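Q: I would like to go through a protein model step by step. Could we begin with the strands and then turn to the core?

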Amino acid sequence: QVQLVESGGGLVQRGGSLRLSCAASFNLDYYAMYWFRQAPGKEREGVACISSSDESTYYADSVKGRFTISRNNAEDTVYLQMNSLKTEDTAVYYCATETLSNCRFGTSVMDFWGFGTLVNVSS
């Protein structure tokens, strides 16, 4: 069964930090991994991506310098470290993968999606 399961979301105060995890039921060693988010009333947007070939990373301008994506292939897990959180970061965050080794940051067509984890940043 192909499955991506996000965890680590919750309520956090503005300026705080949170670490999201995405556990895969399959070997993700050769796949680019993505984080997306969807805020209330808005379209889903790409947040970050990490390639499998050289672990190059890409970020949306809105989170650059604050968020860090990483991966642990031995554990088939991808992480998103979120620092200096803002109220506008409030959203459901989704883990996703495309069966390519390199990131295609900007695309929203993925092969597999998780069901999301809610991040609520309070003021």
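Predicted model: local features only at pLDDT ≥ 70, side-chain atom pairs only at ≥ 80, totals over all residues.

Q: Which strands form the open sheet, and in what order?
A: The open sheet has four strands, arranged in the order β1-β3-β8-β7, and their pairing is antiparallel.

Q: Which ones are the edge strands?
A: The edges are β1, covering residues 4-7, and β7, covering residues 67-72. Each of these two strands pairs on one side only.

Q: How about the twist from one strand to the next: what is the average?
A: The twist averages 15° from one strand to the next.

Q: Let us look at β8. How many bridges join it to β7?
A: Six bridges join β7 to β8, which spans residues 77-82, and the two strands run antiparallel. Within this pairing, Asn72 has Thr77 as its bridge partner, while Phe67 stands opposite Met82.

Q: What lies between β7 and β8 in the hairpin?
A: Four residues lie between the two strands of the hairpin. Asp76, in the turn, has a positive phi of about 50°.

Q: And how does β3 pair with β8?
A: Strand β3, residues 18-24, pairs with β8 in the antiparallel sense over six bridges. Ser21 stands opposite Tyr79 of β8.

Q: Is β8 mostly covered or uncovered?
A: Strand β8 is mostly covered, with five of its six residues buried.

Q: Changing topic: which residues touch the most other members of the largest nonpolar core?
A: That core has 28 residues, and those touching the most other members are Trp35, Val47, Phe67, Ile69, Leu80, Met82 and Tyr93.

Q: Which strands supply at least two residues of this core?
A: They are β3, β4 (32-38), β5 (45-50), β7, β8, β9 (91-98) and β11 (117-122). Strand β3 gives the most to this core, with four residues.

Methods:
Residues numbered from 1 in each chain as written. Heavy atoms only, no water. Pairing = 2+ DSSP bridges. Axes fitted to C-alpha atoms, helices over the stretch in contact; angles between N-to-C directions. Buried < 20%, exposed > 50% of the residue type's maximum accessible area, 1.4 Å probe, protein only. Core = buried A, V, L, I, M, F, W, Y, C linked by side-chain atoms within 4.5 Å.
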